[in-house]
Amino acid sequence: MGNLIGRRAAQMLLIMLTVSLLLFAIFDSDQFREKAAVAELGGFGVATLSDADYHAWLEKKGLNEPFFARYAGWLTSVLHGDLGRSMEKDIAVSTLLKGSLANTAALAFFVFLGLIPVSLTLGVLAGMNEGSRLDRVISFVAVFTTSIPQIATAVLLTVILSLGLGWVPAKSAMTDGWSFRELVLPLLTLLLYDIGYLVRMTRAAMTDVMASQYIRTAILKGLPYRRVILQHALRNALIVPVTLIFLELNGLLSQVVVVEVFFQYAGFGRMLFDAANFGDIQVVQAATLVAVCVAVSSQLLSDAAYIFLNPRVRFA
Amino acid sequence: MNSRIVVLLALVWLPLTAYVMFRPQLGALGTYLLLPAIPGVILLYALALRSWRESWVAILGVSLVCFWLLMAVTAPYLPLVDPNKPLVPFVAPGGIRHGVLFLLGSDMRGRDVLSRTVWGCQRVLVWGLTATSAAYVVGAGCGLIGGYLGGWWDEIVSFAGNVLLSFPVMVLLILVLNLLGQSGFNIIIAVTCSSAPVIMRIVRGLALDAKSRDYIQAAQTRGEHPLWIMLVELLPNVRGPIIVDACLRLGYTTVAITALTFLGLGLQPPDPDWGLMIKEAATAALLWKYSYMLIVPALAVSSLILGFNLIADGLREMSLRD
Amino acid sequence: MSAQTNAVPSDTPILECRDLSISYTGRTGDVPAVVRFSLSLMRGEAHGLVGESGCGKSTIALAIMRYLGKAGRVVGGKILFEGRDLLAVEGDELRKIRGGAIAMIYQEPMASLNPSMTIGGQLTEVPMYHEGLGLRDAAARTLAMLDRVRMADAGRIMRSYPHQISGGQQQRVVIAMALLSNPQLLLLDEPTTALDVTVEAGIVDLIRSISAELGTSMLYISHNLGLVRETCARVTVMYSGEAVEVGSVASVFRGMRHPYTRGLFASMPVPSADKNSRPLTSIPGQPPPPGVRPAGCSFGPRCGFFVAGRCDSERVPMSAVAPGHASRCLRTGEIAWEAAPAPALGGAAAGFGGIALEIKGLTKRYGPVVANDALTFDARQGETLAIVGESGCGKSTFARILMGLIQASSGSIELAGLELSRLPVTRRSADTIRSLQMIFQNPFDTLNPSHTVGSQIARVIRKLGVRREEPRIRERVLELLDLVKLPRDFAERRPRQLSGGQKQRVAVARAFAGNPTVVVADEPLSALDVSVQAAVTELLVDIQRREGTTLLFISHDLSVVRYLSDRIVVMYLGRIMEQGRTHEVFAPPYHPYTEALLAAVPLADQRYAKRKVLLTGDTPSASNPPSGCRFSTRCPYKILGTCDRLAPPLQEFAPGHRIACHLPRERLLAMQPVFEEVNL
């Protein structure tokens, strides 16, 4: 088991290295270097920057060194936590990232808190009795919520809960400090879609298991239905949903961009969006790197969970 | 049956794509370009109704999608006001100002919401379909190569896929558009980068499964070229799950394009677009009495995606039954 | 031979089905699966239920267990268990009967065991829930039961997960699970179909001893008449959802009184005959598709004794032909049952030409695994050479090397002077490819589902350059369809519109499209029903004889091999154990493995008896093969210190009849025959 996980970890490390190289190469290109030079030297465009000035700047920044030497240098400083400086806000990128990641993590925490119990329960209930009325209702609602893009969910929830009923504020900028009321709308927006998705996956896994021959064996052994479900079915049916929950971390990093921008919540997605719009290269680069790092770790966790939960792989 | 669908899709998609992508270059021709697509959509709908009559889910889905397709191809011939022309701002739905009926109201700049919604679906449909197709060509190609040829080919293709998959989708889209600049064509590239690896994985899995089949071995033992085996022997047999996935993926792409325009990336104003409409209304008119400006495009995009998802569900259900 | 009833006689049958009818709800309405089926099973009796796929035999077992799923339901009749109406039992009472009074053993042991629970966990819960035993007592009982089903190392097995033990062990676990609650009735649904023959023999022996020792009543469902003969006292033959003949195994198998039963026997090879002396007779046509039932006798359309106006007028009733023997046929008194079935034309033994294919020292290694170890044999022109062995013996690896899909590690294969062992198919000339063709195992997989039958045959003709002009290709396609006796309009059909046997015929047509000199057939019959097997076998024999093709017939089924082949190569774990002409291999001296294989083949024909030779254990893994003789771990004659250390010498008993064994020559020569003709 440890062997398998070790191999996956090595693969993930290789992917991280490739991604970092890719990101470095991209933001090391002339186009972005000039942008950075202009921003730093306070020029009004590349035209005003003389060739000599530019070269002097490159020299000063050590950008004339060979590519791999610079990559190694960059990588070292990244590993030491130095992710560069934000041009827009003129603070260390790491400080900026820390704040926004903390906000997104708070959001993610509540998402998982709601997501896991609700969707696993509903998915198992639906999959246990395929074709029953309960299954039809759950499945239909799940198709519906996964079909509404989050941008539309955000709109509809805002209109109904905030503009119409006035229960919660429409924006989540949290200008007056942290407030759970402001978190409700982004939270619900994320939850509606994710629950629908996970319910469908859990239901599919559960129906597969319920149709399997070993469940037939368990029933025809004369076991009570409770034991058939709890002992025989769930163990197998929950393997896939549990791995998907870990992968959801990756999905969440993608989904928060639109949701945080819509609700003006100062999280990771909002920061990335602002930086991209402003052309704040170092922030974009660092944010991407961190996002990939989180995503890769979540994949590794998901693989480890799969290996751990599945005896066929664990004792292969 | 299959060939007819392909012909009809081409009949609808080609004029629509030409119309949306190259309207300025087309000049007077543009006015008539979409005419053949109108019967195309109707025939397509009729065909779908006939062959999918067993699944009301698929019928409901195809009805939604065909409704928006019909809106897209008939937009120039419908009695709508210019979607970009400011008339009277903040007219409530159903209001009449200066003899113009604003069925769905007007926005903060006085543009007709109905007209913008109808015109807006053109862009989403055209770029969504094109980007998904591009992702499919790349993804299915790589998947077949990785799954069927195996060995080093598989290692390379799978590793490249894994690298791209390690980016959260939205982060990747933002990165690519930031790098390449913002345009419809770059959206195609961005969507291909994010979708092709997933498609590659699906097709690769299907190809791996089909590869062990005796009919593939039979083709190998008569010395067929790998390209022939992949395209003629393998591909047709994995089309079922691929078509289902393609419908889902059309939905995802629509979501992505709408989200990108909402973020101000990708397709640029002033042409109407659902994501853009939400963005403008959310920043300028976030009040209960103006909520129609938000709700109309939100419902429009939701219904289109629901349509794609229902088709996928219906097809999957039908394939399981046989 | 059979399990004799030694239980208390009782008037009430333990199980009784009265006019049981079961239907499945489909999209097009109700489809009957079982029609007015009656059966009565006495205490301690073992009753066989035989029939081909789709005849409804498994449905009956599931109906008895009350597990028909959502689509299936009993639409008429009764199931009585010890006189109680089973269909009226619900809730806790039903739960007590399931797994308590009635237990079931399944076809696929791997799929029937929960992959994420230990064997011990799955076994102990039976006594815990049925008898309220504590964990400790339940575990003790389970260990004892594992011993009883002759499972070595029971303690380790208890801690294992299902995927960690072999198929034979899994089936023993399933049997132990069924027996743990001391059931009165055991339902066995094809319990050995997924297993190798030598493993099957062990399980069959176990089942037989259970019914003898415990007096458990059994309903044994199988498509294999031989297995039923070995395990049961009475038998019901089913056809298309109906019982067509019922009686004691002895009277039904010796004096069958239904044309379908007779047809089944005629389509099975017998030990004393081969393709030249007594060709197989297949049953023409196919079973009616579900839901479309012919009027009158359902076997009518395929019956050689069919009389229009009589057989197709109304439903034929069961009528007694002897005490305890009944048949659903109107003409039982009119048909000359003892006469030889329709005189099919035998053929003269074909003469063989020179050597067509020569294999020398062929070896294939995958890392530490030696899949083929120094194979040496040849095949002559026009000859049928059988390669026999169980799973993992390397027969399919050999076929793949021969076809150029993989390359050998060393050794040579020579076809018409051309060395092929390391020549991939992509580098072979069209001529070479044309002269070496293959027929695959799985008929449902052998044709590409996306293309029409005609276009697939045409592709072969075009690709191999047999014909070039389109009209002539088309002409050749139709000729080939004629050759395999399929209607010409099949060219336009898609594979899913064909039955398994028809698909396999198309595969034969495809293989013979380019007049090959050698055809490799990899288990081409194993997935087909008995009556269809005969037709495809005869087709192969016929075409081969006409075209003078060399046929390499890869199989695990010794009865078909004996019938079909001229020479036999017996393989075990990648090595050749014995080779020789068919009659030499089937008579002493045997290689001990050959002897066990022969003894393992279930035999339905009552005119023969066979000796019991049981192997212990399972085939070792190919990645960790035993040293010395590969068979030494299971060999009943093993010489300690020799067999497990030294590679066995080749001993020649007749020209070309070679046995790789350490046993002294006299010992081998003194072996007794496995089969014996019994005078009745």
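This is a short tour of a structure with several chains, one selection at a time.

Before you start, note that this is a predicted model, where local features need pLDDT of at least 70, side-chain atom pairs count only at pLDDT 80 or more, and totals for chains, interfaces and linings use all residues. Residues are numbered from 1 along each chain as its sequence is written, while chains are lettered from A and ligands numbered from 1 in the order in which they are written.

**Stop 1: chain C**

Of its 680 residues, 51% are buried, a word used when 20 or more other C-beta atoms, placed from the backbone, lie within 10 Å of a residue's own.

**Stop 2: V520(C)**

Now zoom in on V520(C). Which residues does V520(C) touch, leaving out those up to four places away in sequence? They are A399(C), L402(C), M403(C), M438(C), L552(C) and I554(C). Two residues are in contact here if their C-beta atoms, placed from the backbone, lie within 7 Å.

**Stop 3: two helices of chain B**

Move to chain B and select α4 (residues 37-51) and α5 (residues 56-74), which pack at an angle of about 175° with their axes 9 Å apart. That angle makes α4(B) roughly antiparallel to α5(B), the term for angles over 145 degrees. Axes are lines fitted to C-alpha atoms over the stretch in contact, and angles run from 0 to 180 degrees between N-to-C directions.

Show side chains next: residues of α4(B) including V41(B) and L44(B) meet residues of α5(B) including V62(B) and L69(B). This contact has 13 nonpolar residues, 1 polar and no charged. Ala, Val, Leu, Ile, Met, Phe, Trp, Tyr, Cys and Pro count as nonpolar, Asp, Glu, Lys and Arg as charged, and the others, Gly among them, as polar.

**Stop 4: where chain B meets its neighbours**

Show chains A and B together: their contact takes 34 residues from chain B and 34 residues from chain A. On the chain B side, the largest share, 9 residues, comes from α14(B), and the classes are 24 nonpolar, 9 polar and 1 charged.

Definitions and conventions:
Helices (H or I, at least four residues) and strands (E, at least two) are DSSP runs, numbered from the N terminus. Angles under 35 degrees count as roughly parallel, over 145 as roughly antiparallel, 65 to 115 as roughly perpendicular and the rest as oblique. A residue is buried if 20 or more other C-beta atoms lie within 10 Å of its own, exposed if 12 or fewer, and partly exposed in between; C-beta atoms are placed from the backbone.
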